[in-house]
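Please open the structure in your viewer, with residue selection at hand, and follow the stops below in order.

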Amino acid sequence: MSLGANSGTYLDQFPGEAKVIRTAFYSSFIALGIGALMGLLQVFHRLDILRLIPSEDYYSYLTLHAVLLVLTFSIFFLVGVFTWAVTTSLDRGLEDLRYTWGWYGLMAVGTLMAGVAIIGGFFDSIPMSAAVLYTFYAPLQAHPLFYLGLALFIVGSWLAGLDWFRSWWAWRSENPDERIPLPTFMALTTTLFWIISSMGVAISVVVFLLPWSLGLIGQVDALLTRTLFWFFGHAVVYFWLMPAYMLWYVMLPKISGGKLFSDPLARVVFVLFLILSTPTGIHHQYLDPGIAEGFKFIVMVNTMFLLLPSLLTAFTVVASMEHGARQRGGTGYFGWLRALPWRDPVFAGMALAGLMFAAAGFSGMINAGMNINYLVHNTWWIVGHFHLTIGTAVALTFMATTYWFLPQLTNKEIWSKSVGLAQVLLWFVGMTLMSNAMHRSGLVGVPRRTAEPQYSGFDYEVAAGSMAELNMQVAIGGTLLFISTLLFLTVVVMTVWGSKVDTLPANGYAETLSGPEDAPLVLDNLKLWTAIAVVLVVLAYALPLASIIGRRGLFGPGGSPSPQFIDTLVFTGQAIVDSAVGVIR
Amino acid sequence: MKIHTYEKFWLAASMLLIVGFILTITYGTVGIGIAMVDDSADTVDPDNLGDHPKFSDPGVEQVGENEYDVYVRALQFAFIPGDVEVPANSTVTFHVTSSDVIHSYSVVGTNANTMVIPGEVATITVETEEPGEHGIICTEYCGSGHHNMAGKLIIVPEDEFELEEEQ
Amino acid sequence: MSSKLQREIGHDEFDPKGTLALITIYFVIISVLWIFMYFVEFLGNDLTVVGAIA
């Protein structure tokens with residue numbers, strides 16, 4: 001289903017929704033700018049090129065970088081993209097824009113609260129901090145504001161998902177016999193596994209970490225909260241990735257001048273992600289004591305099968321591009337690649353993001369392997385890996401498609417396509433250098449998450465090349481990435497500043513070569529797939545969680561909190577609780 | 001549902017890859033005997049490691065003709081003991097626990113690498129070969145002094161190895 | 001985009017042989033790298049963790 005040419009831009013069709021999406025995008029871009037600056041400062045600090053702050057404060061940089069980029073930048077952008085996808089493909093506005101602004105507000109307030117808690121770490125005068133990194137493993141303890149902000153943000157994202165469901169329910173009652181349009185199908189399946197998986201972190205934060213940070217409970221279990229974090233922690237990467245996949249499926253073929261190769265297989269892929277995203281989280285805990293090897297093996301099998309939808313995506317997406325290229329006159333086994341619109345930043349960015357994702361797929365396969373984790377766990381290899389996935393497959397796709405979305409949302413032409421093209425190319429080059437060097441450094445044992453990877457007692461043994469060469473690659477790569485971000489933000493600001501035109505292409509997305517009529521009806525049975533997803537989650541997690549609680553109790557065998565903040569509020573809270581307990585006694 | 005022949009081929013190739021990966025890992029486990037750190041050790045009370053028979057006085061001890069146990073306590077921001085000396089060509093089992101937050105015990109540039117979680121005793125067994133020195137670092141962020149948390153694994157020739165007297 | 005369209009290709013006449021070529025190359029690269037990583041980088045590394053020897 002593609003919209004006619006007369007329906008105008010997205011702003012013409014849905015002015016109210018366009019405003020929400022614009023606002024979500026701008027929130028996302030502010031996070032991108034600050035997060036990228038933190039990234040640059042981290043590169044310089046780690047490599048000992050420039051250390052602006054004491055190493056003790058480095059971890060506040062790192063927390064801010066991770067939280068702003070993986071949670072704020074990605075999720076604000078993706079709620080915008082899914083809102084676009086649902087409204088465009090159902091051809092109807094959202095049910096109630098006040099509700100929509102409500103979830104946006106909740107997410108924004110949550111981000112600000114967590115952000116304030118983290119930024120407090122940089123200033124001695126502000127008695128709060130949250131240098132607990134993006135994973136906030138207890139007993140490291142952040143300011144309560146951090147946990148509260150996180151909880152609000154997640155609830156906001158759930159309400160966003162519900163908004164898309166409300167649109168679909170309303171549409172379904174008017175179109176009872178129609179197939180779910182593909183973009184809506186993708187948004188809904190993603191929402192479902194996001195809600196299932198983020199239940200884990202929500203329980204961890206609301207039941208354990210928040211009351212504990214307020215002094216209401218004395219201790220929490222390190223292993224249980226960590227396991228609940230990873231219950232969500234792997235599925236969340238698919239939450240970031242699915243909108244990028246969706247754009248590769250429904251946007252890239254159109255930009256390439258072709259059609260989506262197969263709608264049915266696209267549905268199969270999203271169903272596989274729905275059922276397999278969550279029961280894989282323990283693969284982040286292969287090296288954890290307290291979890292039996294058998295559980296780790298089961299989770300590895302699930303994780304390996306999760307490769308399947310990504311490998312299928314590679315075929316379908318490349319074939320769709322090839323279709324476009326051949327319609328544009330491309331020939332031969334490889335010659336068709338030249339017929340693609342490489343000068344269009346939207347296309348070039350998305351295609352390069354896909355190429356980087358193919359490389360990321362490989363390091364991901366290594367990460368999925370159970371015992372080979374001894375080689376790479378917690379090394380810089382892992383950082384190299386996820387800068388290719390979230391940092392490129394997702395981020396570069398989002399930036400590239402912004403050059404398509406922004407005109408749709410503002411009726412203004414992109415300020416400069418050449419700058420846009422330079423921007424996506426710089427990102428590609430910068431990330432190639434940085435990620436390659438991170439992977440190689442990881443293999444010789446350079447750790448992730450440290451302010452000073454230089455130790456006095458030993459040297460890293462680099463077999464080919466040298467540590468200096470690897471560090472140089474990271475420094476140059478990181479700098480190029482920062483410049484690329486600045487260029488991106490410049491194009492956004494200059495575009496928004498520009499004046500409206502009426503020559504823009506109409507809103508729409510790719511048509512299909514093999515459409516939904518070829519897809520078995522069962523694929524649209526969301527209840528069935530959700531039930532299977534829940535069963536698989538129970539199978540993968542019931543025994544490990546029962547075993548952890550059985551061995552260690554619900555609140556762990558001991559261990560005092562390790563506050564990464566100093567705050568009178570908590571001591572006051574603690575004092576109140578203590579005196580209350582005293583009165584009761 | 002129409003599936004193109006090439007796509008069927010790719011589906012088969014993908015399944016082959018996935019099964020091949022799982023078989024490789026299984027070969028490592030069953031054929032070579034690589035064990036994952038697991039839940040076989042009993043839990044300990046991280047607040048009272050001083051009362052533990054082993055962790056109250058951690059260090060190296062000989063448990064067999066050519067077998068050694070190494071007990072290590074990890075805490076913000078050090079390992080006790082920091083430097084560990086073991087003989088070459090021996091079987092060494094590390095037992096590592098934490099008295100505060102989550103740490104790791106990672107021998108740099110080798111496969112000896114484990115998370116250290118309060119309440120659990122991470123137990124990993126390795127076979128030492130040539131004499132030499134490796135750094136040991138904590139690779140899990142554990143607080144503001146995380147980057148200072150390091151030690152050394154010194155593998156000495158068998159004939160030069162001597163256990164230190166009990167302190 | 002459509003202005004550059006030189007011909008219309010339907011589902012049944014489209015044979016994605018270029019895609020087949022690219023993914024076959026990908027398959028080979030992945031397989032070789034996997035074997036290298038597992039058997040050279042990992043198993044060739046020092047201090048592999050083995051089961052407790054009884």
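Predicted model: local features only at pLDDT ≥ 70, side-chain atom pairs only at ≥ 80, totals over all residues.

Of the 54 residues of chain C, 39% count as buried, and the secondary structure of the chain comes to one helix and one strand. If you switch to a surface display, chain C exposes about 3100 Å², of which carbon and sulfur atoms supply 63%.

Keep the surface on and select Asp46(C), which belongs to a negative surface patch that also takes in Asp459(A) and Glu461(A) from chain A, together with Glu65(B), Glu67(B), Glu127(B), Glu129(B) and Glu130(B) from chain B.

Asp459(A) counts as exposed because its relative accessibility is 66%, where the cut-off for exposed is over 50%.

Next, move to Ala437(A), whose place is in helix H16 of chain A. Ala437(A) has a relative accessible area of 0% and is therefore buried, the cut-off for buried being under 20%.

Finally, turn to chain B and select strand E1 (residues 60-64) and strand E2 (residues 67-75), which run antiparallel and are joined by four bridges. E1(B) and E2(B) form a hairpin with two residues between them, and if you pick Gln62(B), you will find its bridge partner in E2(B) at Tyr68(B).

Note on methods
Residues numbered from 1 in each chain as written. Chains lettered and ligands numbered in written order. Heavy atoms only, no water. Patch = residues over 30% accessible without salt bridge, like charges linked within 9 Å, V, L, I, M, F, W, Y side chains within 5 Å. Areas by Shrake-Rupley, 256 points an atom, 1.4 Å probe, with all protein chains shown as cover. Salt bridge = Lys/Arg side-chain N within 4 Å of Asp/Glu carboxyl O. Lys, Arg positive; Asp, Glu negative; His and termini not counted. Charge placed at Lys NZ, Arg CZ, Asp CG, Glu CD. Buried < 20%, exposed > 50% of the residue type's maximum accessible area, 1.4 Å probe, protein only. Pairing = 2+ DSSP bridges.
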